[in-house]
Amino acid sequence: ECVLKNDITASSITVDGKNVILDLNGKTLTAAVIATNKANLTIKDSGSNGLIEIGGKKRKGVLARLGSKVTLESGSINSAKDCGVGVNESTFIMNGGKITINSGTIETKDNAAIGDNGNAGWGGNVVNVNGGKLISNIVSKGYISCGIYNSNDTTLTVKSGVKITANGGGAGI
């Protein structure tokens, strides 16, 4: 288990093929968090107001790729210029926090609230949105708001009651 003792700023934090619990502990991690190569990453916040934040850079706040599993138990994820969460041939489960698919809110300033891009012919991803709110906004010129961006061999299920808002002329899904 990795527990933040202070706010940390880095370009990115990569969990490569390991089992890791990241406890935000009420602190801010200003970095992209990448789980790759069958990593198993659990993000939680044992404090209050724990945050993963990417400001001003075009990258996902959290990226699950290459057979990895990321579980968000609590805490918040904010991405100013790209998707809050990206999934590529992996699994992302949200059980709590500000970004919550089972209940709660995912809100972006630019781009998609949920971005999913499976690889054609490789079996893709499975995305289930069981409740909550997805809100996409446009702040920067050149972006298109989108509640859910979904492409290539991906199975998407959105249950009744999910509220999707794409402000600024974008698409819900």
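Two strands are taken to pair if DSSP finds at least two bridges between them. On this basis, the predicted model contains an open sheet of five strands, arranged in the order β1-β3-β5-β8-β11 with parallel pairing. Strands β1 (2–3) and β11 (91–94) stand at the edges of the sheet; each has a single partner strand, so one side of each is left without a neighbour. Within the sheet, β3 (residues 19–23) and β5 (residues 40–44) pair in the parallel sense over five bridges, and V20 stands opposite L41 in β5.

Strand β3 also holds D23. This residue is buried, because its relative accessible area is 3%, which lies under the 20% limit for burial. Leaving out residues up to four places away in sequence, D23 touches E1, C2, V3 and L4, as well as K44, D45 and S46. With S46, the side chain of D23 makes a polar contact, side chain to side chain, at 2.7 Å. The C-alpha atoms of D23 and T42 are 8.3 Å apart in space, while the two residues are separated by 19 residues in sequence.

The largest nonpolar core comprises 29 residues, and those with the most contacts inside it are L29, L41, I43, I52, V62, V70 and F92. Elements that give two or more residues to this core include β5, β8 and β11, together with β7 (62–65), β10 (85–88), β13 (112–117) and β14 (126–129). The most is given by β4, with four residues. Apart from neighbours within four places in sequence, V70 is in contact with A35, L41, I43, V62, A64, T91, F92 and I93.

How values were computed
Residues numbered from 1 in each chain as written. Predicted model: local features only at pLDDT ≥ 70, side-chain atom pairs only at ≥ 80, totals over all residues. Heavy atoms only, no water. Buried < 20%, exposed > 50% of the residue type's maximum accessible area, 1.4 Å probe, protein only. Contact = heavy atoms within 4.5 Å. Polar contact = N/O pair within 3.5 Å; in protein donor to acceptor, adjacent residues only side chain to side chain. Core = buried A, V, L, I, M, F, W, Y, C linked by side-chain atoms within 4.5 Å.
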